[in-house]
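Subject: Handing over the structure

Hi there,

Here is the structure I promised to pass on to you. Please open it next to this email, and then read on for what turned up in it.

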Amino acid sequence: MSLFKARDWWHVQCGHGEEFDMGCLLVANIDNDPSGQAKIVTGSFAGFLRVYLPRDRGYKAEDLLLETELEGGPVLGLAAGRFTGSGGLQMAVLHPRKLTVYNLQAQGGGSYMQLVRLYEHYLEHTAANMCYGPFGGVQGCDYLCVQSYDGQLYFLEAEALAFTRYLPNFLVPGPLAYVDVSDTFVTCTAAMELEAYKYKVVAAASGEKSSQAANTLGSPPHPTSNNPGTKKMQADWKVVLGESAIDIRVGRFSQGLASHQADIIVLGEHTLFVLSSAGQITFQKRLEYHPACCCLYPVPGAKTPGGPENLLVATHTKALLVYRTTVLSWAAKADAQPCALAVAELPSMRGAVVALDDEGRLAVLYMGTDPLLNPVGFTETKDLDYEAMAREHRALARVIRDHGGGAGGTRLVDPADKLMMRAQIPQRLDAPRGGPGGLGAPDGGDGLGDLSSLGGVADGKRLTVRLYIALMGGSGADNLTLSVTAPEPLTPLAPEIYVPVVSTNPSDPTVVLVTLATGTGSLPVSATALVVATYNTPAGEPRSQRLDLALPLCAFCTVVPPVKSAEFKVTLSTNRPPPPLGSVFEDALAAAAPGVAQALSGGGGMTSGGGAAGSSASVLSFQFYGGAGEVTILVSKAGGRYRIQSNVLESMWLVAKELAQRLSRYYAESEAGLPSPPEGPFAVSYEDNLPLDDFFEVVEQHFAARLRVAELRQALEDRAVQFRNIEKRLLMRFKDKSPAPLNELDAMMNETYTSLMELAGSMEEAQAAVSTAARRLGGCVQLLLLLVRWRFGLSDPEFMVLKGCIPAEIHDGSDVGWEETTEAAMTHLLRTSLAKNAKEQAVQVAPLAPAKDTQRLRKHVSLVLERMGRGMRLLSANDAAAAVAELAEAQAAASAAPSAGGGGGRPLYREPPPLAEEPPLPAPGLAVVMEEDDGGINNGGGGGGGSFARGGSFGGGGGGSFGGGMGEAAGGMMMGAAAGMAAGAVYGGGEDEIAAAVYGSGGGEGPTQYAGGLDSAYLDQVPYGGEYDGNGGAGTNEVIYGGNGVGDGGGGGFYTPAEEVDGMGAGNGNYGGNADVLTL
């Protein structure tokens, strides 16, 4: 099949505001011109009749031969035939309550026409459609048959009304056609059956309406309702179509038909049927589109009557399809959707397609390429210049290579006109609507109200992105539409934005506001929104441009007070000393609510140095909107390590990715212009085991949800088949003249229907569960990809390959889903780049099929990661170098593009005005994690921090504001630091290495069995802090517990199996000494 453009050779608009339908088009030599030129006749529902004769390309005023308003009202149908018996063609026009036959006469040498009314028939009932032909085998004349909306058929023989008949079991009218070879009328009933009636049977039947149609379904007919002497209309044959018919045509469509045979072509809503004149289906084809109309036309070269014909079908997708017998021979795309089709032999265009749409656009089309109207003859005496031909060939080949079309072409040339888009993405959410300076003003203060997507939306958290659009090198863009797609839970307030005018001045671009509303209840699986601009050039060429929007962290979550509980933990390492989190997430801290900052402070306002409390934070917690999850970042100041922890595994990837990106930008800015550090470029690494068990558990949940949907789908199919079978049995019982008992069929039908509804409800719940599991799986895949990249040090090209093999976008089909496609991708890696030998490369890959379990997926994912851990790479060295070079070239080209502000030294877009800096919010609670030179803070007996060795325990800190909580990395970093709450400590010793500075199990007041906490990750069976009374004491020989004595503070100590060493530290005093941490 070839798909081309259907070109307009001639077109005109038939009136304005008028409507047309399938029967409003006629192509025939309606004026009986001796030359046989066909005219195009249209009739509208407004009652206007027009006659056209296209003589050349493009519409001209002289092409309109007649335009008049008829008296009968809307035109329902047009027909050309021998309706008077005097020879020649006449035109029949069907109105709702009248049928009129006209004669058209050419006047003025064929420059215009005159309409002469011959006769007319008034109809008792409202007409629906009509057909014509030599009914009963009459010679030299055509009769007319009109079908009304109540099923009455009017048979008109010239000026006389012959008789009327009612169709039996009629509900609504369907298409009507006449088969002259069998003298049969064919129509489609409301029961979706094709019925055929012989003319002689119709003529001999009774003209009275059958009273059986008035009886209720299933009730027996009354014996006295019909006259025994009358005849009923009996169908010659019936065929069940199972769908409604759009149109019925009669012709010679099949091959090898005899002169006494014809085909009945029925265009259904979903199927094309071809039947013989005896009612046998010879061919049917299931259509993959929704048809609109059709017509038959003679095959070129067989213009004589009775020759083979082709079928032309128009679809609702504006496509024109040509069928030759059972084969689709040609396809073309039209500019409008036709409601009526015909093929005409015009003076300058043979075999032209005439198309009429429902709004009155009449066009003469040709499909494919432009015809060669004036062919140039080939002169054999002319000598061929082979050298010129070779030069032309080389020049064309060079052009193809330059445009990337040849085998060696690598450079793609952009069109001369290009739409440039740039986005200004804020780092904070919009101010509340209605507030001073907010975006609740009618035009946002910028005169952009007409392009804003804020109108009519309730208050809520929103993020407004400014798009700057300019057309480079073009004269304009027609119908520019922006389609916005945002990841869940974000929702664009206006998914489609129409831009009426686009600036062509790069220094003054068009500004469009795109507003995203934050959602609740789900976690994001992507942080990138997509904007696609589609438009047409003035030449009519469609163009598109896309722009990816990297959304900020504030669009998904906000800062909350530190959260202690965490089930999942990930520790990242860097080759730089950690900066304060307040400097890295300055925008997030500034946007935090004052109440949150006060909760973080614990009541304190400023540090001893007087700086802002949040400037050197060592802990930060984020909560996704709607309470979908909390993620906490903890910093170890000793080794540049960061712990990310949460109770929801799939919520950690976004914070981890954001942390790595912000750290990279932070060190790039701080080290700009300085010599390269000895550690090399900034890098993030992950040294622990990958959380594959937790990842596979989420995969199992998603796969189980898919299996549940498959089971319910099969159950629904079974119940639907059962319900349909019961319906068929009940219908047979109702149609039977001697009805039999139902035998509980009605009860079975009710139970089946109830079961269907219950299964449908369960299916909705199962599909929602699949969506939820898919979102969880997408977040876990994002986290796994990041950890794999940091664990094995993947380059950007290798990471892109891995993302393609383990996609984070979860797409589940009816049979094959994410598990099957990912397993196939893993198999491909194992037999290509990660193959050990030629034997593994020769493994045959099985076709995609529904998986029974996830064992193969588990095995292959683990095997891929294992081989990557052994040093095998996803790309060879040459491929990786080429990919890196290509990526660098693309980035350089992007940075040099005009959209980046280049071009003549003048920026393409206006730089957005700087946001007013807000005063830092008081967050004294972060002072507890500030690094101090001395162990204690504020008054009180701050105990010394203990040193650490494997297997040892720490002594406890004494009383004070933060007793036992301030050593190296906030003292008592390794657990065992007993925090005496009785002495006023706010935070006791922490649970582990990193959390010690902030979270501690806390000491107890008075006799406390165990005060402090335990670092289970590093210490082996180390007991807890101080025992009995007191706030901690020095470690003594053979005493594993911190101390038994009473005191306000004591030196810490560490314990090893070989020796016991007294701790170093101070006693009472405002500031206690610290002992250095020996090992981490």
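The side chains of R870 and E866 meet in a salt bridge, with 2.4 Å from N to O. The term salt bridge here means a side-chain nitrogen of Lys or Arg within 4 Å of a carboxyl oxygen of Asp or Glu. R870 counts as exposed because its relative accessibility is 54%, while E866 is partly exposed at 37%. For these words, buried means under 20% relative accessible area, exposed means over 50%, and partly exposed is in between, with a 1.4 Å probe and protein chains only.

Before you go further, please keep in mind that this is a predicted model: local features need pLDDT of at least 70, side-chain atom pairs count only at pLDDT 80 or more, and totals for chains, interfaces and linings use all residues. Residues are numbered from 1 along each chain as its sequence is written, and side-chain values use heavy atoms, with hydrogens and water left out.

Back to the charged pairs. Side chains of opposite charge can pair when their charged atoms come close. By the rule above, the count comes to 29 salt bridges. One of them joins the side chains of E195 and K238, at 3.6 Å from N to O. E195 lies in strand β16 (residues 193–198) and K238 in strand β17 (residues 237–240), so this pair ties together parts that are 43 residues apart in sequence. Helices (H or I, at least four residues) and strands (E, at least two) are DSSP runs, numbered from the N terminus. E195 has 6% relative accessibility and therefore counts as buried.

Another salt bridge is formed by the side chains of R858 and E700, at 3.4 Å from N to O. This pair links distant parts of the chain, with R858 in helix α12 (residues 855–869) and E700 in helix α7 (residues 692–735), 158 residues apart. R858 counts as partly exposed at 27% relative accessibility, and E700 counts as partly exposed at 27% as well.

Now for the chain as a whole. It has 13 helices and 44 strands. How many of its 1080 residues count as buried? The share is 44%. Among contacts in the chain with a separation of 6 or more, 62% come from residues 24 or more positions apart; contact means heavy atoms within 4.5 Å. The chain exposes about 53100 Å², and carbon and sulfur atoms supply 52% of that area. Accessible areas come from the Shrake-Rupley method with a 1.4 Å probe, and for residues only the protein chains shown count as cover.

Just after α8, G793 takes a positive phi of about 60 degrees.

What is inside? The largest nonpolar core has 102 residues, and L482, F585 and F622 touch the most other members. Helix α8 gives this core its largest share, twelve residues. A second, separate core of 21 residues includes F20, A340, M349 and V354. A nonpolar core is a set of buried Ala, Val, Leu, Ile, Met, Phe, Trp, Tyr and Cys residues joined through side-chain atoms within 4.5 Å. Leaving aside neighbours within four places in sequence, the contacts of L482 include M421, P495 and V531.

The structure holds zero disulfides, a disulfide being a pair of cysteine sulfur atoms within 2.5 Å. C141 counts as buried at 10% relative accessibility, and C805 counts as buried at 10% too.

Last, some backbone details. Most residues other than glycine have a negative phi, and most peptide bonds are trans. Where is P489 found? P489 is in the loop between β31 (478–485) and β32 (491–492), and the peptide bond from E488 to P489 is cis, with omega near 5 degrees. N32, which is not a glycine, has a positive phi of about 55 degrees; N32 sits in the loop between β2 (25–28) and β3 (39–43).

Enjoy exploring, and write back with any questions!
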